Amino acid sequence: MKKDLRIFMIVFWLSILSFQQANCQVPEIKWHYDVNAPAFGQAASADIDNDGKPEIVFSTYMNDGEIYALNAENGSLLWHYKTGNCNDAGPVIYDVDMDGNPEVILASSCLTWTYCFDGATGGVKWQTPTGGTDSPPSIGDVDNDGKPEILHGEFNGSVICINGEDGSISWEKEIDGNASIQTSASILDVDGNGQLDFVVANWSYASSNHIWAFRGDNRQQLWQSDLPTDVIYHGGSFADLDGDGKPELAFGCYDYNVYLLNAEDGSEKWHFYMGNYNYVGGPVVLGDVNNDDHYELLAAGWYKMKAIRSTGTELWNYNIPGYASCFRGTALSDIDGDNILELVFGTSEGKVIALEGESGVKKWILDLAAEYGDTLDIDHAPVIGDFDGDGKLEGFVVGGFTDYPNISNDYGRAYCFSLGDGTTPPWPMFQHDVERSSCLKPDWHVGIPAQANTREIIVNAAPNPFHDNLRIRVSLSHPGPVRMDLCDLSGRFIQQLVNNNIHSGDFVYEISFLPGEPAPGTYLLKVSSGKLTKTIKVFKIED
């Protein structure tokens, strides 16, 4: 009897192990691309040459000093450009000149230029002298002129604003002349007045450490927070975490804390201590990882990854193997298609790790250093998307080694690897979007197209027919400028309803017309973004 029971248990556990192995999505390397230095910071992914397939863009450090655009399906080179030295901030992709085609923006570190490249060819459209930066560029219409501006910090303690259409400098605002602005500029409506503002923090061992909020149109200071007791390297993250209709801002700090502030006035909601020696270098990432309809905060310290509830209490804690660090933060996506988010991040030991979002349990580890056969520090945040058109998600990171000042010893390798059977959502760039929110929005379950590189506009209007109020929903597959006009049936312009820049996703506009304007009748509602236009009929009836 005991022998039969023992045989039964062996068979039972073997079957469980076999089931787990059969259903475990072990990542495999799809391709790699060798470079002569690491890539610090991040990459960005989008269809930059309008061939219907995504590309991946990243930049490299000393001993290489290049920006590379690779075809994401196989890692072949589309174009490259040598800036000549170190590029720590990494690129961003956006249609900054509103010609309907994406550009690549790179703010260089050691050579003080910010570049705008033609996405398809890599040709330089403009280059602007700056104060040098490690700050990833952010993009938004901060001066309300209907055109995108590019903001980034500078080593001289200023924030610079560059006009996207021609690279001219709109303004340069000194924040702290005794410090650097290393953080990205968080672009959001801080005070709820309908206008975009920006938030930055300083990096200084010579002066005090602060977080500031400024109006985007006139650079007037809105508030200053003196909470940080050490430097802040990467920028803030923002979302409405407490459901009050107002955004909160999260910052990770070298003083081992994560700070959550009310965006409207900079007051502290709470701070969370990550543990001794767990300084937070990377941006805090926001997402609903346990499907409780609340955002959680994901923060990486020196050797710990922690999930923090929106109330400031710990959800789970994960010890990164080998006492390794994750300096650039994590990416979020449902990589296995189970409708629950996973975290994907790289470590200083050359490993890519995926954790279950709701529990922090390790899903898998991909040892890229072992595959490379040498030291491979991944000081680089992953990007996630369907890069080869197989209907499944892939990830991309760059690792390498730097031996300053002996930079001739530097090397790097870019890797694309499978993630799982998931199809959404992508994580296309550092801090997720061009406003640098670091937040995966709650409509990811249904609101993001399976193919992120398909460029389209979907427009719905209700009620239709309408009286004085019209609710217009726009679904945009790509970030960019959106203009909405009301025209008569001949196409003659009557009234402009919307003219701003939005990121991809679903947006709702509530339009209120004055009584009798327009007169009852049939009209064309024309929505355009770059070269894409969608026109629908709307019907105005008697009041």
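## Exercises on a mostly-strand model

Strand β11 (residues 149-153) has five of its five residues buried, so the rest of the structure largely encloses it. Here, buried means under 20% relative accessible area with a 1.4 Å probe, protein chains only (exposed is over 50%, partly exposed in between). Bear in mind that this is a predicted model, where local features need pLDDT of at least 70, side-chain atom pairs count only at pLDDT 80 or more, and totals for chains, interfaces and linings use all residues. Residues are numbered from 1 along each chain as its sequence is written, and side-chain values use heavy atoms, with hydrogens and water left out.

**Exercise 1.** Work out how β11 is covered and which strands it pairs with.

*Solution.* Start with the faces. In a regular strand, side chains alternate between the two faces of the sheet. In β11, E149, L151 and G153 sit on one side, I150 and H152 on the other, and all are buried.

Next, the neighbours. Strands are DSSP runs of E, at least two residues long, numbered from the N terminus (helices are runs of H or I, at least four); two strands pair if DSSP finds at least two bridges between them. Strand β10 (residues 138-140) runs antiparallel to β11, joined by three bridges, and S138 faces L151. On to β12 (residues 158-163): it is also antiparallel to β11, with five bridges, and H152 has I160 as its bridge partner.

Finally, the turn. The β11-β12 hairpin has four residues between its strands, and G157 takes a positive phi near 85° there.

**Exercise 2.** Is D485 buried or exposed, and what does it touch?

*Solution.* Locate D485 in strand β35 (residues 480-487). Its relative accessibility is 9%, so D485 counts as buried. Now list contacts, meaning heavy atoms within 4.5 Å: leaving out residues up to four places away in sequence, D485 touches F493, Q495, Q496, L524, L525 and K526.

**Exercise 3.** How much of the protein is buried, and how many helices and strands does the protein have?

*Solution.* Of the 543 residues, 57% count as buried. The tally of elements is three helices and 39 strands.
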